[in-house]
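Reader: Could you walk me through how the labels on this structure are assigned?
Author: Gladly, let's take a look together.

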Amino acid sequence: MNVIDKTTSDGYAHDTEKGGVNVHQSGDGTMEGMGLQGAPLQRQLKSRHIQMISIGGVIGTGLFLGTANALRHGGPAGLLLGYAVMGSITYAVMVSLGEMVAHLPIPGGHISLASRFVDPAFGFTLGWNYWYNWTIVLPAELNAAAVLIGYWNSTVNPSAWIAICLVVAVAINFGGTRAYGEFWFAIIKVLTIVGLIILGIIIDATPRFSTPDAAGNHHALGFKFWREPGPFVQYLGIQGTTGRFLGFWAVLIQAAFSYIGTEIVAIAAGEAKNPKKNLPKAIKRVYIRILLFYILGTFIIGLLVASDDTRLKLGSHTATSSPFVIAINNAGIKSLPGIINACLLTSAWSAASSDLYTSSRALYGLAVNGNAPRIFARVNSWGLPYMAVAVGTAFSLLSFMSAAGSGGYPTPGDVFGFFANMTSVCGLISWACICYTFIRFHQGAKAQGIDRRSFAYRGPLQPFLAYYGLIFSCIVLFFNGWSVFVTKDGKYVQPGNDGGFDHATFWTSYIPIILFPLTYLANRFYTRAPWVTHEEMDFYSGSRDTEEEENPEKGPQNIIQKIWGFIM
């Protein structure tokens, strides 16, 4: 039971019991978990909700739709290698983040942890970068939904479909954490990708689903597209090893967009029941999802669709650009593409709801840490930070940039590409910051003589995986927009819409990188907050070590539930 001692003049209630459900003062001076007038975020998310949120962040339009451009740029081998390399970076980030949030499941997740273990200016900058990330990815997902609906009707202005999808996402989020955590779109996504992988194997191995040869004979696809047009693409017409490597490199930034979101389970930590048990469970299974959904999924895509298929270009086509839909159409299965497209549409809806949830909780975390106006820390009687959700909803109107896209520029596919690029950059910055925060966390624990084996979850191969994630995230960030500078015979090989320098891609690739250090330095200069030393780091406030499981959840009761639980 919670014991509230008093409400101070700042409008926040303070908890007198260490590990209680309401707020207490943390070591970095932040008020954790409490909205204005003493209203807390409600810890309503059970194990299944955490798993659904984790799944919702992993599977999205980046896998179903974004792999079209990745395959076109990198070829089947470049696609597989790009997603495998980015998957390894994702794993490094998640085990680093998992150890911290399992021990300190505080509202704001890695944003609050950055203030506690690095310095307040670092947390301020990371928080606003993260909020920006999830605020702009929402328009990307809404435009992806418009692309998918265009499969059935391309005559209606996409703004109509965007509005409908937006209403659904907003309604789910205003329903509170239980409505968000239990909504079943995430399950549809899991069943869809598993079904598509199984169907892909069948199509690849069954001769009758292939295009007949000159003699009218059918042959199993096998590795046909790995042989012709080949495993790699000569990216931008650059020949030789250089062109093939650059094709692989071009896949990395798209792969980053697909993987960004695995970390949102940390944002949900402040609303999780029994976080010491449920958060490690979600983190430990990340590698299973990476292998099953992305590595296997991209491998199957490379078997089914040729990298030079003109339908893969998102900017000029609708949902027929999805590699899975292309493969099913090629196999001559008449009714299935529409059904699959409907499932992919629910994926876009699900991802949009996840985006709004994450952006609102990021803004809430900024507010309770004193890094955003306190009005955004307001919550209603059932623990919904409604002002933060309203702000995310307002920024989602950016998705209507594609309203002029019916036959013009930009199209929904173009807008999806713009926002996806910025999201990838902001997400990689967040990943680099998470890894650096963990390095400081690890150093602090060592300096204070804290045995990491006492934590609820201890990541493997640390701190080496954190250094790996930090270094490679920075490398990908620095070179993510290199293609706009490439010229051939005095002309840009990747020109902008006017045939000249591609300003849109350049700015979306590098603006977040420029703004991050400038924001950090400005805040550091303005606040003059001190750097947190290893000895000053607070490893105890908010750890909820004394929290008991009041309503233990039942484990899997049969073999089907055990298999489902292993995957989820």
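Author: A disulfide here is a pair of cysteine sulfur atoms within 2.5 Å. This is a predicted model, where local features need pLDDT of at least 70, side-chain atom pairs count only at pLDDT 80 or more, and totals for chains, interfaces and linings use all residues. Residues are numbered from 1 along each chain as its sequence is written, and side-chain values use heavy atoms, with hydrogens and water left out.

Reader: How do you know that C474 is too far for a bond?
Author: From the sulfur of C474 to the closest cysteine sulfur, in C433, is 8.4 Å, so a bond is ruled out by distance. A search of the whole structure turns up zero disulfides. C435 is in none either: its nearest cysteine sulfur, that of C474, lies 8.9 Å away.

Reader: What makes C435 count as buried?
Author: Buried means under 20% relative accessible area, exposed over 50%, and partly exposed in between (1.4 Å probe, protein chains only). C435 has 0% relative accessibility, so it counts as buried. C474, at 37%, is therefore partly exposed.

Reader: And why is D538 called buried?
Author: Because its relative accessible area is 11%, D538 falls under the 20% limit. The D538 side chain also makes a polar contact with the side chain of S541, at 2.7 Å. That term needs a pair of N or O atoms within 3.5 Å; within protein, one must be able to donate a hydrogen and the other to accept it, and residues adjacent in sequence count only if both atoms are side-chain atoms.
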